[in-house]
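Subject: Structure handover

Dear colleague,

I am passing on the structure we spoke about, and below it you will find some notes on what came out of it. Please read them with the structure open beside you.

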Amino acid sequence: MVQSALSWDKNVLEPVFRALYDQGISNKKDYISDMYSVENSNKAVESIEMIGGEGLMEDWAHSNKQVFYSDIQELWQKYFAHRKFSAGRQIDRDFIDDLKLTAIKDRLSSLVDEVYYTRQYQGAEWFINGNKTTDAVDYRGRTYDARLPDGKALFATDHPLAPGDTGPGQSNLGTADLSIDSVDDSQVAMSGWTNDRGNIIPIIGDTIITTPYNRRAAFQIAGINGKGQGYEPGSADHNINIYEGDLKVIINPFFAKGNKKAWVLADSSRMKRAQKWFDKRRPETGNMDDFDSEIAKFKVVGRWSYGCIDWTWGFGHFPV
């Protein structure tokens with residue numbers, strides 16, 4: 001920021017504010033892209049119609065020697081209605097006339113943080129409220145309905161196979177602390193999930209997602225390139241760590257707002273197919289000055305939506 005260039009002029013203040021915002025946002029870690037499929041939207045509401053799982057090919061001899069066509073069952077529908085979010089700062093003209101650059105920069109930088117924290121906390125809501133339904137609490141402390149289209153929490157013990165299914169359902173919820181043994185158990189549980197046709201879903205957990213509390217345990221299990229010895233953590237028998245090099249770790253500091261011991265074993269490719277983030281209008285900057293009050297107003301406004309359409313990608317643990 002050049003002192004001689006700062007003046008009470010919208011044409012001067014606007015590029016300065018935009019530069020501060022762009023630089024501030026670009027220097028921050030975006031956790032959303034680690035967990036969601038981030039897409040642009042040109043609609044007021046995005047709708048995703050879920051369909052049933054894959055069938056199996058038929059033997060030519062058993063299909064009357066013609067192509068076998070199987071029906072795909074319609075499952076649930078999920079709507080993403082974009083919401084509008086805003087934040088702003090007001091700065092007295094005297095600050096600018098007196099070139100109080102540090103105070104001005106601090107106020108605008110805090111606005112950058114506000115936008116960043118909002119989106120990151122929103123992106124973390126699936127984890128913080130993963131085992132909740134109508135009692136979930138959002139980034140502002142307001143209660144909301146976190147149920148998936150199947151009517152269950154993201155992590156639940158009784159997910160139905162399809163609409164109208166009255167069976168016992170399938171579970172992707174546990175309460176185990178993070179350890180190599182609980183990762184093993186979760187891998188086994190995930191390998192037994194089936195689709196609505198009863199066919200096994202080929203799921204392999206390749207990512208541990210957790211809070212800073214579990215950082216050491218997560219990296220000991222996954223191993224760190226060039227730092228590990230190839231042995232299981234906590235083993236006195238020097239057993240080979242079969243997960244080293246095959247597991248990725250995501251430590252998200254915004255998850256700490258929830259259960260600090262919580263963790264999820266995820267199939268990362270299926271996770272991004274299920275978790276959707278739609279940017280209708282990415283956060284945009286703007287500013288104006290008020291003639292009567294001589295107050296400069298700076299704003300950031302955007303529209304977006306986010307959520308999850310399916311649970312068959314992760315096994316979540318919420319230890320008590």
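To begin with the charged side chains, the charged end of Lys-29 is placed over the ring of Tyr-31, at 5.5 Å from the centre of that ring. The charged end of Arg-119 likewise sits over a ring, that of Trp-304, with 4.6 Å to its centre. Please keep in mind throughout that this is a predicted model.

Since Phe-85 belongs to strand S4 (residues 83–92), while Tyr-139 is in the loop between strand S5 (136–137) and strand S6 (143–144), the pair ties together parts that lie 54 residues apart in sequence. Both Phe-85 and Tyr-139 are buried.

Phe-85 has a further pairing, with Trp-304: the ring centres are 4.6 Å apart and the planes meet at 25°, which is under the 30 degrees that stacking requires, so this pair is stacked. Phe-85 and Trp-304 are both buried. Elsewhere, one aromatic cluster is formed by Trp-126, Phe-127, Phe-155, Phe-255, Trp-313 and Phe-318.

Val-67 is found in the loop between strand S2 (45–51) and strand S3 (74–81), and because its relative accessibility is 47%, Val-67 counts as partly exposed.

Finally, there is an open sheet of five strands, which follow the order S7-S13-S10-S8-S9 with mixed pairing. Strand S7 (173–174) and strand S9 (248–251) stand at the edges, and as each has a single partner strand, one side of each is left without a neighbour in the sheet. Within this sheet, strand S10 (residues 263–266) pairs with strand S13 (residues 314–317) in the antiparallel sense over four bridges, and Trp-263 stands opposite His-317 in S13. As background, the strands of a sheet pair through backbone hydrogen bonds, either parallel or antiparallel.

With kind regards

How values were computed
Residues are numbered from 1 along each chain as its sequence is written. This is a predicted model: local features need pLDDT of at least 70, side-chain atom pairs count only at pLDDT 80 or more; totals for chains, interfaces and linings use all residues. Side-chain values use heavy atoms; hydrogens and water are left out. Helices (H or I, at least four residues) and strands (E, at least two) are DSSP runs, numbered from the N terminus. Buried means under 20% relative accessible area, exposed over 50%, partly exposed in between (1.4 Å probe, protein chains only). Rings of Phe, Tyr and Trp (its six-membered ring) pair if their centres lie within 6.5 Å; planes under 30 degrees apart count as stacked, over 60 as edge-to-face and the rest as tilted. A charge sits over a ring if NZ of Lys or CZ of Arg is within 6 Å of the ring centre and within 35 degrees of the ring normal. Two strands pair if DSSP finds at least two bridges between them.
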